[in-house]
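Hi,

Here is the structure I said I would pass on.

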Amino acid sequence: MSTRYTSLGRFPNTRLRRNRREAWSRRLVAETKLSVDDLIWPVFVQEGKNERTPVKSMPGVDRLTIDLFAEAAKEARDLGIPAVAIFPETDPKAKTPDGREAYNPDNLVCRAIMAVKKAVPDIGVVCDVALDPFNSDGHDGIVRDGYVQNDETLDALVAQALVQTEAGADIQAPSDMMDGRIGAIRKALDDKGHIHTQIMSYAAKYASAFYNPFRDAIGSSGALKGDKKTYQMDYANSDEALREVAFDIEEGADMVMVKPGLPYLDIVRRVKDTFGIPTYAYQVSGEYAMLRGAADRGWLDWNRVLIETLTGFKRAGCDGILTYGAVDAARLLKGL
Ligand code: PBG
């Protein structure tokens, strides 16, 4: 070897490339392992029978009728996916300014919960708690005088969490960002004896442009008046995320979530390091659309970017990830 490099620091005694040279060695030194146990699969449901409707802005994602959803959940369970998250496309005629359809015990979400719990009792069922799929204003809470009313909304959220729990949902996931919702929901669940129902709080949820395809999928984008900046967080802020998480833990959250995912991995790391609580991130609809859209044009390799991004979430400190790519990822991780 040429002598001109021998005085440069640790090189050549230390060669970081040694451990990377062979595949077996790379496996041996890998710090982060993504597993199917880390995945939560969000699914859109719609009314009807035996029908799937493609979501235009999310290629490869279909909205499913309840019967097809139950079958899909069975496949997900067989692949080892621990949990699904249900999101309903509500009939526009059922949407009102007070979002009361959210706590109709016979609504689409509750029927989907019952069907999946009957068909696949051993898969975890996560349900959002927020009014936007049911609210004719498209907001997560009740709008009065042009403002989403916090305390009034809490009553509706509590009622929603109760019907979803009574239908059989395992995890209530408040995604509304009202102050005090975790405590209010925990208390109401406990008062009714639902002491085992878990709460996964969307604790650090940002007002993001990455949610647009989701709003198409549940049919709330046309309805939404204005934006959600008076309740969802400003993406300029990071300390504030820690305050949100601290409050939610104090109020009884069992798990917390950061959302969106990829542009917010710094938040995931701070939350995990500060609180050590089970921490999740949501690889949201816009992130999915971005990767899939590019892959469909031949610009990215879908399988590779999917596994790379999900591993990145884990490396940042996530215990799990909500991803529309859960089924694809599970297949890849099983070598199928
Ligand atoms: C509703 C909710 C949203 C998402 C999950 N729950 C949208 C929003 O807050 O407007 C977004 C998920 C995604 O984009 O994939 N409160």
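How many bridges join strand β8 to β9, and do the two run parallel or antiparallel? There are two bridges, and the strands β8 (residues 171–174) and β9 are parallel. Before going further, please keep in mind that this is a predicted model.

The UniProt record, an unreviewed entry, lists Lys205 and Lys259 under "active site". They span 55 residues in sequence, but no two of their C-alpha atoms are more than 4.8 Å apart, so they gather at one spot.

Lys205 belongs to strand β9, and Lys259 to strand β10. Are these two lysines buried or exposed? Lys205 counts as buried because it has 27 C-beta neighbours inside 10 Å, where 20 or more are needed. Lys259 has 23 such neighbours inside 10 Å, so it counts as buried too.

Setting aside residues up to four places away in sequence, Lys205 touches Ser175, Met177, Gln232, Met233 and Lys259. With its neighbours within four places left out, Lys259 is in contact with Tyr202, Lys205, Tyr206, Ala281, Tyr282 and Val284.

Next, the ligand. The residues around it are Asp128, Ala130, Asp132, Asp140, Ser175, Tyr211, Phe214, Arg215, Lys228, Val284 and Ser285. Sorted by class, that shell has five charged, four nonpolar and two polar residues. Some names come up again here: Ser175 is among the residues around the ligand and among the contacts of Lys205, while Val284 is around the ligand and in contact with Lys259.

A few backbone details are worth checking as well. Pro260 itself sits in the loop between β10 and α8 (265–275). Another cis peptide bond runs from Phe11 to Pro12, with omega near 10 degrees, and Pro12 is in the segment before α1 (23–29).

There are also non-glycine residues with positive phi. Met177, one of the residues that Lys205 touches, has phi near 65 degrees and lies in the loop between β8 and α5. Met177 counts as buried because there are 24 C-beta neighbours inside 10 Å. Asn50 has a positive phi of about 50 degrees and is found in the loop between β1 (39–46) and β2 (52–54). Asn50 is exposed, with 9 other C-beta atoms within 10 Å, where the cut-off for exposed is 12 or fewer.

If you have time for one place, start with the lysines that UniProt lists, Lys205 and Lys259.

Cheers

Note on methods: Residues numbered from 1 in each chain as written. Predicted model: local features only at pLDDT ≥ 70, side-chain atom pairs only at ≥ 80, totals over all residues. Pairing = 2+ DSSP bridges. Helix = DSSP H or I, 4+ residues; strand = E, 2+ residues; numbered from the N terminus. Near = placed C-beta within 6 Å. Nonpolar A, V, L, I, M, F, W, Y, C, P; charged D, E, K, R; others polar. UniProt positions renumbered as here; feature names shortened; annotations may be inferred. Contact = placed C-beta atoms within 7 Å.
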